[in-house]
Amino acid sequence: MATDIGAQLRKGVVEFCILGLLHREATYGWKLSEELVERGMIASIGTLYPVLGRLRAQGLVVLSDQVSDSGRPRKYYSLTAAGVTRLREFQDQWQPFTSTVSDLVGREKIE
Amino acid sequence: MNPSSPVVTSYLNRLESALAQAPAELRTEIVSGVREELDGLEREEAAARIEELGDPALIAAEAIDGLPAPAAARPSPVYLGFTVALLVVGGYLLPFVGWLAGLALIIGSSVWSRRVKKIAVSLSASAAVVALAALLILRGQSLGTVGLVLFLVVPFVVNLGVAYFLASRWTSAARVS
């Protein structure tokens with residue numbers, strides 16, 4: 001069966017992208033979704049919430065009621081200490097991992 | 001804050017209906033996440049956001065697709081115990097039928113693979129054939145008692161081995177799940 005390589009890759013890393021975004025700043029679901037959709041990491045807001053649910057269940061992310069810059073009440077997602085640790089662990093592995101994969105698949109584009 | 005426009009209310013209702021199959025917590029989270037963005041927006045702004053969001057059916061499909069697959073039910077050891085008990089002694093308690101019921105439980109189980117079921121049923125059936133043959137061939141001869149003993153003992157011993165084999169495959173299936 002043919003599989004969408006991009007979709008498989010995104011599936012594997014999207015939760016760490018969310019942790020990365022939340023490490024920069026706590027934010028609400030819509031904003032997260034907008035950024036991830038724009039960058040092609042998720043297809044829609046529907047993809048985001050199951051991942052956020054898993055991250056919350058793992059204690060990596062927490063929800064809190066806050067007021068946004070525009071003065072509207074929002075549910076903000078932020079990283080927990082465990083979330084920061086998890087993100088750091090991923091960072092430690094990601095660079096060597098991508099470098100190894102690039103070596104193996106070849107850096108030159110195949111014509 | 002402006003009350004939700006009919007466009008927003010209608011979109012949220014469609015989204016909620018599309019998410020009917022999703023777990024309640026996820027449904028609430030998605031709908032309230034979208035609602036907090038759309039509530040209070042001017043009509044045109046809300047329409048633009050709704051267009052950006054896309055079809056509620058697609059959002060729901062993505063959300064449901066993102067859920068972890070339900071964990072396989074852990075196989076119950078009671079089923080295993082009942083199956084092997086019927087296989088080994090069922091035929092003595094309820095001649096033929098008890099043993100057949102044991103075979104039916106083996107075949108009907110979703111835990112063992114087809115290969116394991118095939119091996120177990122073939123061994124047990126072969127033992128039954130050998131036992132019956134011994135009984136019939138040696139009947140009325142001087143070795144008639146030997147035939148009767150073989151008829152009673154061979155299936156018991158073989159089925160005991162089959163039960164052990166099934167139990168070992170059951171444990172590995174339980175570990176996987």
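## Confidence in the model

Chain B as a whole averages a pLDDT of 84, and 90% of its residues score at least 70. For the complex, the predictor gives an ipTM of 0.82 and a pTM of 0.61.

This is a predicted model, in which local features need pLDDT of at least 70 and side-chain atom pairs count only at pLDDT 80 or more, while totals for chains, interfaces and linings use all residues. Residues are numbered from 1 along each chain as its sequence is written, and chains are lettered from A and ligands numbered from 1 in the order in which they are written.

## Chain A and its strands

Chain A contains four helices and three strands, arranged along the sequence in the pattern α-β-α-α-β-β-α. Here helices (H or I, at least four residues) and strands (E, at least two) are DSSP runs, numbered from the N terminus. Strand β2 (residues 61–67) of chain A runs antiparallel to strand β3 (residues 73–79) of chain A, and seven bridges join the two; strands pair when DSSP finds at least two bridges between them. Strand β1 (residues 27–28) of chain A is also antiparallel to β3(A), with two bridges.

Individual positions can be followed in this arrangement: A:V62 stands opposite A:S78 in β3(A), whereas A:T27 stands opposite A:Y77 in β3(A). The hairpin of β2(A) and β3(A) has five residues between the strands, and there A:G71 takes a positive phi near 85°.

## Two nonpolar cores

Which residues have the most contacts inside the largest nonpolar core? They are A:L48, A:L52 and B:A63, in a core of 33 residues. Such a core is a set of buried Ala, Val, Leu, Ile, Met, Phe, Trp, Tyr and Cys residues joined through C-beta atoms within 7 Å, and a residue is buried if 20 or more other C-beta atoms lie within 10 Å of its own, exposed if 12 or fewer, and partly exposed in between, with C-beta atoms placed from the backbone. Helix α3 (45–57) of chain A gives the most to this core, with six residues.

Leaving aside neighbours within four places in sequence, A:L52 is in contact with A:I18, A:G29, A:V61 and A:Y77, where contact requires C-beta atoms, placed from the backbone, within 7 Å. A second, separate core of 21 residues includes B:L87, B:W99, B:V158 and B:V162. In soluble globular proteins, nonpolar side chains tend to be buried together.

## Helix α7 of chain B

Helix α7 (residues 114–138) of chain B holds B:L123, which counts as partly exposed because it has 15 C-beta neighbours inside 10 Å. Not counting residues up to four places away in sequence, B:L123 touches B:V158 and B:V162. The C-alpha atoms of B:L123 and B:N159 are separated by 7.8 Å, although the two residues are 36 apart along the chain.

With 25 residues, α7(B) reaches 36 Å from its first C-alpha to its last, close to the 36 Å expected at 1.5 Å a residue, an expected span being 1.5 Å times one less than the number of residues. The buried residues in α7(B) include B:A120, B:S124 and B:A127. After α7(B) comes B:G140, whose phi is positive, near 80°.

Conventions
pLDDT is the predictor's confidence in each residue, from 0 to 100. Two residues are in contact if their C-beta atoms, placed from the backbone, lie within 7 Å.
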